[in-house]
Amino acid sequence: MAQHEGYYFSAALSCTFLVSCLLFSAFSRALREPYMDEIFHLPQAQRYCEGHFSLSQWDPMITTLPGLYLVSVGVVKPAIWIFGWSEHVVCSIGMLRFVNLLFSVGNFYLLYLLFRKVQPRNKEYFL
């Protein structure tokens, strides 16, 4: 069973990514406008995406650290140079939501690594 672990993980990760993409697509079609707390986070993320990192432009309703905004800029900004997309497309609600999809797949991988760390590899365990 251990020799097939890589195949099982690849299949599980692929399925997770596929389901995440399908959910992302369904939600993006149904919710074209900011939803729930996106009314606060989206304008802030778009300001960061436009290069405005000033504390004077920080929304006081946001209580989280700006890490996700900075990572989002680091992920989506290269699309301007690589694909030639406009800043309007790169900083859109759909693209910024897509960064969260990438984080969900990354979390799946981190959970897998944690499980491997905690789960013993001893064959006697399975008997």
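Keep in mind that the model is predicted.

**Helix 1 on helix 6**

Helix 1 covers residues 5-30 and helix 6 covers residues 93-118; their axes come within 10 Å and cross at roughly 155 degrees. That angle makes the two helices roughly antiparallel, and the crossing is right-handed. On the helix 1 side, the contact residues include Phe9, Leu13, Phe17, Cys21 and Phe24. Among their counterparts in helix 6 are Phe98, Leu101, Val105, Phe108 and Tyr112. Sorted by class, this contact has 13 nonpolar, 5 polar and 3 charged residues.

**The cysteines**

You'll find 1 disulfide in the structure. Cysteine 49 and cysteine 91 form it, with their sulfur atoms 1.9 Å apart. The torsion about the S-S bond is about -80 degrees, so this disulfide is left-handed. Cysteine 49 sits in helix 2 (residues 38-49) and cysteine 91 in the loop between helix 5 (87-90) and helix 6, so the bond ties together parts 42 residues apart in sequence.

What about cysteine 15 and cysteine 21? Cysteine 15 is in no disulfide, and its nearest cysteine sulfur, that of cysteine 21, is 12 Å away. Cysteine 21 is in no disulfide either, with the sulfur of cysteine 15 as its nearest, 12 Å away.

Here is how accessible these cysteines are:

| Cysteine | Relative accessible area | Class |
|---|---|---|
| Cysteine 49 | 0% | buried |
| Cysteine 91 | 5% | buried |
| Cysteine 15 | 48% | partly exposed |
| Cysteine 21 | 24% | partly exposed |

Conventions
Residues are numbered from 1 along each chain as its sequence is written. This is a predicted model: local features need pLDDT of at least 70, side-chain atom pairs count only at pLDDT 80 or more; totals for chains, interfaces and linings use all residues. Side-chain values use heavy atoms; hydrogens and water are left out. Axes are lines fitted to C-alpha atoms, for helices over the stretch in contact, and angles run from 0 to 180 degrees between N-to-C directions. Helices (H or I, at least four residues) and strands (E, at least two) are DSSP runs, numbered from the N terminus. Angles under 35 degrees count as roughly parallel, over 145 as roughly antiparallel, 65 to 115 as roughly perpendicular and the rest as oblique. A crossing is left-handed if the near helix is turned anticlockwise from the far one by less than a right angle, and right-handed if clockwise. Contact means heavy atoms within 4.5 Å. Ala, Val, Leu, Ile, Met, Phe, Trp, Tyr, Cys and Pro count as nonpolar, Asp, Glu, Lys and Arg as charged, and the others, Gly among them, as polar. A disulfide is a pair of cysteine sulfur atoms within 2.5 Å. Buried means under 20% relative accessible area, exposed over 50%, partly exposed in between (1.4 Å probe, protein chains only).
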